[in-house]
Amino acid sequence: MLERKRRKDRTEITFVLPADVPPGPVSVVGDFNDWQPGAHELKERKDGSRAVTVALPREGAHAFRYLAAGDYWFNDDSADGHDGHNSRLHT
């Protein structure tokens, strides 16, 4: 799930996953972090879900995927779209 907060000069995107699906550590990787695993690792929230917030420029489009333990890549069903293997979001 994606949560968005529009700010004056940026959009804050919070990437949210359930507590244990998939199990183990998960990071969001995309063109905004040069596809670097671990750069934006999801952390547990008080409600048990996992999330990480990334500030992105307004009026842009970005490709991303999630990377879980065991080299398991997957997309976000709530993304604005998909292109090939990647999820897409618009800020």
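**Charge, fold and core of a predicted chain**

The chain carries 13 positive and 15 negative side chains, and the centres of these two sets are 7 Å apart. The structure described here is a predicted model. The accessible surface of the chain amounts to about 5300 Å², and carbon and sulfur atoms contribute 49% of it.

The secondary structure consists of 9 strands and 0 helices. In sequence order, the pattern is β-β-β-β-β-β-β-β-β. The C-alpha trace extends over about 35 × 30 × 20 Å along its principal axes.

Of the 91 residues in the chain, 42% are buried. Among contacts with a separation of 6 or more, 60% are made by residues 24 or more positions apart.

The largest nonpolar core contains 16 residues, and Phe15, Phe64 and Tyr66 have the most contacts inside it. At least two residues of this core come from each of strand 2 (10–17), strand 3 (26–30), strand 5 (50–57) and strand 6 (61–68).

With residues up to four places away in sequence not counted, Phe15 touches both Phe64 and Tyr66. Other residues that Phe15 touches include Met1, Leu2, Val28, Phe32 and Leu42. The list of residues touching Phe15 also includes Arg50, Ala51, Val52, Val54 and Leu89.

Conventions:
Residues are numbered from 1 along each chain as its sequence is written. This is a predicted model: local features need pLDDT of at least 70, side-chain atom pairs count only at pLDDT 80 or more; totals for chains, interfaces and linings use all residues. Side-chain values use heavy atoms; hydrogens and water are left out. Helices (H or I, at least four residues) and strands (E, at least two) are DSSP runs, numbered from the N terminus. Buried means under 20% relative accessible area, exposed over 50%, partly exposed in between (1.4 Å probe, protein chains only). Contact means heavy atoms within 4.5 Å. Accessible areas come from the Shrake-Rupley method with a 1.4 Å probe; for residues, only the protein chains shown count as cover. Lys and Arg count as positive and Asp and Glu as negative; His and the chain ends are not counted. The place of a charge is taken as NZ of Lys, CZ of Arg, CG of Asp or CD of Glu. A nonpolar core is a set of buried Ala, Val, Leu, Ile, Met, Phe, Trp, Tyr and Cys residues joined through side-chain atoms within 4.5 Å.
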